[in-house]
Amino acid sequence: MNAITMTLQADHLILEALKEDISSEDVSTNAVMKEAVPGEVDLICKQDGVIAGLEVFARVFQLLDQSVECEFYCKDGDEVAKGQLMGKVKGDIRSLLSGERVALNFLQRMSGIATYTRSVAKLLAGTKTKLLDTRKTTPNMRIFEKYAVRVGGGYNHRYNLSDGVLLKDNHIGAAGSVKKAVRMAREYAPFVRRIEVEVENLDMVREALEAGADIIMLDNMSAEEMKKAVELIGGRAETECSGNVTKENIARLTEIGVDYISSGALTHSAPILDISMKNLHAVSGE
């Protein structure tokens with residue numbers, strides 16, 4: 001996540017998280033720390049996984065106190081092990097204490113998504129199929145969660161509703177048919193946007209092909225139906241399959257030959273990676 005993206009897209013979300021955790025003051029810290037004391041604390045991984053979100057972690061402290069410094073011994077995308085010292089955070093002990101929970105919340109959530117995504121992506125190794133995320137993200141966390149998917153080896157589907165045309169079942173119902181929905185999308189959307197259509201059976205596949213859809217999403221179809229659909233499409237459109245895809249059941253889809261598999265589980269079901277800040281202590285000033 002580069003500096004421009006961080007400033008324009010992430011800073012205000014990080015600040016809101018800090019405001020949520022500190023509505024007026026950090027009573028506990030202010031009670032035991034009456035004045036500034038320089039200190040440092042270790043950043044330790046408590047289970048094996050893939051780290052993601054170190055820059056966001058550091059940004060939490062920087063927005064709280066510009067004098068805080070983070071030194072990392074790993075980088076986003078690295079595999080980390082239980083007990084590994086991943087870095088140190090140095091600065092006013094009051095700032096380290098007040099920013100700890102918010103910083104860890106971001107880092108644990110993002111690392112959990114990267115870890116889960118990598119475990120699923122490995123199951124697609126050696127195939128042409130790319131693993132995509134969805135819009136099933138935590139409200140106000142999308143930029144962080146989709147970044148974590150990329151770190152884990154997945155790819156981002158559209159970022160939001162303004163980012164591309166995806167005609168789902170209710171859009172088709174509102175339009176009256178697949179053909180009508182695609183025609184209206186062609187008339188409305190800029191020519192640079194591709195049109196994706198969600199289908200649920202082979203008849204809808206045929207209609208989407210006739211309408212000229214660019215991408216056809218095979219949603220909640222059986223593996224046998226999807227194989228027939230891919231054969232029917234025959235390369236005339238890109239193919240995606242979706243519908244309750246998880247690490248446990250993705251194996252059944254790997255031989256179908258679709259271009260993309262999308263999984264909401266990457267973001268809505270990934271457990272956090274357990275990470276902690278330990279061994280906080282004062283250090284002598286220079």
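**Reading strand E9**

Modeller: Start with a pairing: strand E8 (residues 195-199) and E9 run parallel and are joined by 4 bridges. Two strands pair if DSSP finds at least two bridges between them. Helices (H or I, at least four residues) and strands (E, at least two) are DSSP runs, numbered from the N terminus. This is a predicted model, where local features need pLDDT of at least 70, side-chain atom pairs count only at pLDDT 80 or more, and totals for chains, interfaces and linings use all residues. Residues are numbered from 1 along each chain as its sequence is written, and side-chain values use heavy atoms, with hydrogens and water left out.

Biologist: Which residue in E9 is the bridge partner of Glu198?

Modeller: Met217 is the partner of Glu198. Between E8 and E9 the chain passes through helix H8 (residues 202-211), in a right-handed β-α-β crossover. Right-handed means that, with the strands pointing away from the viewer, the path from the first strand over the helix to the second runs clockwise.

Biologist: Is E9 mostly covered or uncovered?

Modeller: Buried means under 20% relative accessible area, with a 1.4 Å probe and protein chains only. In E9 (residues 215-219), 5 of 5 residues are buried. Ile215, Met217 and Asp219 lie on one side, Ile216 and Leu218 on the other.

Biologist: What does Leu218 touch?

Modeller: Contact means heavy atoms within 4.5 Å. Not counting residues up to four places away in sequence, the contacts of Leu218 include Val199, Met226, Cys241 and Val258.

Terms used
Buried < 20%, exposed > 50% of the residue type's maximum accessible area, 1.4 Å probe, protein only.
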